[in-house]
Amino acid sequence: MYLFTARDIVKRYTNHLALDRVTVNVPEGSVYGLLGPNGAGKTTLLRIINQISMPDEGELFFMGRKFQPDDVAHIGYLPEERGLYKKMKVGEQALYLAQLKGMSKAEAMKRLKHWFTKFEIQAWWNKKVEELSKGMQQKVQFVTTIIHEPRLLIFDEPFSGFDPINTNMLKNEILELKKKGSTIIFSTHDMGSVEELCDYITLINKSKTILEGDVHNIRMEYKSNTFEIGFNGDAEVVKSQLNGRCQLVEQVEERDHTRIKIKADRSLSGNDMLNLILPVVSVTSFNEVIPTMNDIFIHVVEAQNQQKPNVL
Amino acid sequence: MNKIGLIIWREYLTRVRKKSFIIMTLIGPVLFAALIILPGWFATMEDKDVREIAVVEYDANGQPVPDSLQFFREVIPNKENIRFTYLSSARLPDILKLYEAAHYDGVLFLSQGLISAGRETSVELYYRKTPSMGMEVHISKSLEKFLFDNKLRVKNIPPEVINSLETKINLTRINWKNWPNQKEDTTDVKRGLGYAAGFLIYFFIFMFGAQVMRGVLEEKTNRIVEVIVSSVKPFQLMMGKIIGIGLIGLTQFVAWLILTFGISTVAQTVFFQPSAKAATEITAPSDIMNSNPVVGQAVAESGDREEMALAFNGFMKKMKEVNIFLIIGAFLFYFLGGYILYGSLFAAIGAAVDNETDTQQFMFPITVPLIIGIIVMINAFLNPSGKMAVIFSIIPLTSPIVMMARIPFEVPPLQLLLSAVLLIVTFLGTTWLAAKIYRTGILMYGKKVNYAELWKWIKY
């Protein structure tokens with residue numbers, strides 16, 4: 001079941017089309033990645049999901065029915081540009097933001113205490129935000145985003161501005177939130193995190209969806225029957241064995257073995273290949289190369305950019 | 001608590017706890033009182049150092065006149081800070097040569113020919129330090145009075161006739177409507193109250209309007225606005241801010257009202273009450289002041305306090321005649337109306353720009369009607385039912401300021417109603433307009449905004 005659906009969303013600005021019939025289906029309990037180059041329309045779409053701006057066309061559905069304005073209470077949003085009231089005290093501010101999401105003061109207090117203890121930031125409660133470092137402010141902001149335990153969490157570039165330790169912590173939190181049943185949409189440029197975290201993605205380029213679906217399936221779909229073989233022995237013998245049915249992509253001489261990457265014809269399976277080379281060399285490793293999201297991203301975006309320019 | 005209530009509460013709480021607000025609230029009335037009292041006080045301070053002026057009288061040949069033959073001896077009475085010394089043997093050029101040696105602050109030359117001067121003539125005063133306006137007036141008035149009396153005296157008009165020639169007229173204004181009850185006229189107090197209230201509204205609109213603008217700008221540059229509008233509607237955020245800051249204004253006003261009332265009550269009982277009786281007795285000997293300058297001066301000095309007490313008590317008495325509740329009610333209405341009208345525009349400006357320096361170009365059209373308002377208000381202060389005052393007290397952009405100058409003087413109900421309705425309609429209009437600009441503006445960064453752009457946002 002989809003927790004959230006945006007159907008055929010169109011958003012126009014005065015002299016530019018930000019989103020052109022974009023559809024996103026977010027299954028409940030999944031982590032959903034929103035990918036795309038800068039200026040593709042990711043933030044616009046996230047703002048529409050948040051009800052910050054209204055689409056010109058298209059419909060939004062939440063929990064199987066039409067999106068209601070009050071549904072924003074079930075959404076937690078971490079914008080790309082983080083910000084808090086600088087002169088306000090941390091605790092007071094967190095309470096205020098939690099109450100704006102519809103929580104009672106007592107409940108907000110209870111949960112904030114829990115999260116502040118978990119993140120070991122209790123000592124900051126009475127400090128002004130401007131006294132904290134940027135990383136500390138990010139932590140506070142993260143807590144305020146999830147404090148009302150929303151069913152849908154939206155993170156816009158959540159890892160930008162975090163150091164590796166905090167990035168890791170954040171990734172773990174995202175997975176933990178998912179385990180607890182939250183659905184998460186996040187936009188990112190960091191393809192590594194997509195493979196690590198995302199179940200589904202939508203890739204937007206030039207205001208249009210150009211790729212969408214299950215991350216695993218997409219990677220499988222884009223694999224090109226390429227294999228990486230490590231062996232001890234004469235590389236020329238291996239090449240002659242496979243000659244005619246494979247293309248050599250890469251050959252690397254390591255200290256004690258050779259590694260080649262080859263793209264095989266559709267008719268040639270991994271087993272066939274092994275059968276051909278096992279008699280002639282000693283194989284140390286063999287695996288099929290599954291494209292990274294990074295490769296797919298570059299491949300798909302460049303392919304679209306080479307088509308005719310997107311005119312209005 | 002609902003969301004807009006939360007926003008109002010936050011805006012209010014963060015500001016009401018600020019040191020600057022508390023200090024301003026406490027010293028506000030003192031500051032205002034000081035603004036009124038200090039200039040006068042400084043003026044008297046300056047005059048405290050005594051100037052000594054030598055008076056030299058010379059005859060038709062330019063020769064000094066001996067004491068017994070001097071016309072103008074003791075004609076100009078000494079004052080607290082001016083002493084006149086009459087010289088008898090100094091010759092005109094001789095005394096001027098003594099600039100270094102002489103200790104006089106100035107020398108006044110009087111020709112005996114003055115006594116028969118026509119409608120206009122002149123007299124020379126040599127000075128070291130520029131004479132004050134008061135000194136100049138004192139010298140010429142004293143001389144004019146003496147010459148006037150003298151001209152009658154030589155025509156053998158008896159002194160008692162001369163003394164009875166001048167009659168001072170005090171115009172007593174009585175509100176016809178109150179006839180046959182003769183209440184004390186309160187025009188001065190009404191003028192003062194209207195002026196003060198109009199000025200205060202002008203001041204409040206600017207001060208709190210600018211706070212709204214800075215608050216919006218702060219949220220925008222902090223980027224927290226995006227988090228907040230994901231929880232509430234932009235309109236709620238804008239109105240919450242405007243109302244919260246408006247409540248700060250009201251708090252300040254009420255605090256000032258209470259403080260002023262408290263201070264004046266204390267001042268009345270502690271400083272002025274006991275001496276008020278003495279003050280009434282002082283009116284009788286005022287004649288002496290004219291006939292005998294030296295004695296008069298002494299009386300005037302001791303009478304200063306009593307006179308002040310009398311004026312103060314008179315003022316308090318008149319205050320009781322004024323419909324103070326109407327004025328306060330009107331103040332609250334026009335303050336809120338004007339503040340929301342301008343505050344929403346200020347909010348729109350804050351949302352449209354990225355930093356405070358860019359606000360200038362949009363501030364101008366807001367500043368102009370406010371300044372026109374204050375200018376017309378000063379005019380209305382002099383003539384509360386004049387055509388200009390009436391027109392500008394109905395136009396909503398200026399009515400909050402101008403109407404306050406008219407309110408103490410019984411404005412025709414129809415005009416008041418029209419003015420109030422127009423103000424309400426207009427602030428609803430500007431709020432609607434501002435909300436449209438605000439909604440788009442708060443999420444717009446790095447774009448130089450001009451009026452054409454704003455118009456697009458409004459139409460959008």
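Start with chain A, where the domain assignment (automatic or from a database) gives domain 1 (2-220) and domain 2 (224-289). The C-alpha centres of these two domains of chain A lie 44 Å apart.

This is a predicted model, with local features needing pLDDT of at least 70 and side-chain atom pairs pLDDT 80 or more, while totals for chains, interfaces and linings use all residues. Residues are numbered from 1 along each chain as written, chains are lettered from A and ligands numbered from 1 in written order, and side-chain values use heavy atoms, without hydrogens and water.

Next, select the sheet in chain A. Four strands form an open sheet in the order 2-1-4-5, with antiparallel pairing (at least two DSSP bridges per pair). Its edge strands are strand 2 (16-27) and strand 5 (65-66) of chain A, each pairing on one side only. Strands are DSSP E runs of at least two residues; helices are H or I runs of at least four. Strand 1 (residues 2-13) and strand 2 of chain A pair antiparallel over eight bridges. Pick Y13(A): its bridge partner in strand 2 of chain A is H16(A).

Now move to the two-chain contact. Select helix 2 (residues 90-100) of chain A and helix 1 (residues 3-16) of chain B: their axes, fitted to C-alpha atoms over the stretch in contact, come within 9 Å and cross at roughly 160 degrees. That makes the two helices roughly antiparallel (over 145 degrees on a 0 to 180 scale).

Show side chains. Y96(A), Q99(A) and L100(A) meet K3(B), L6(B), I7(B) and R10(B), with heavy atoms within 4.5 Å.

Conventions:
Angles under 35 degrees count as roughly parallel, over 145 as roughly antiparallel, 65 to 115 as roughly perpendicular and the rest as oblique.
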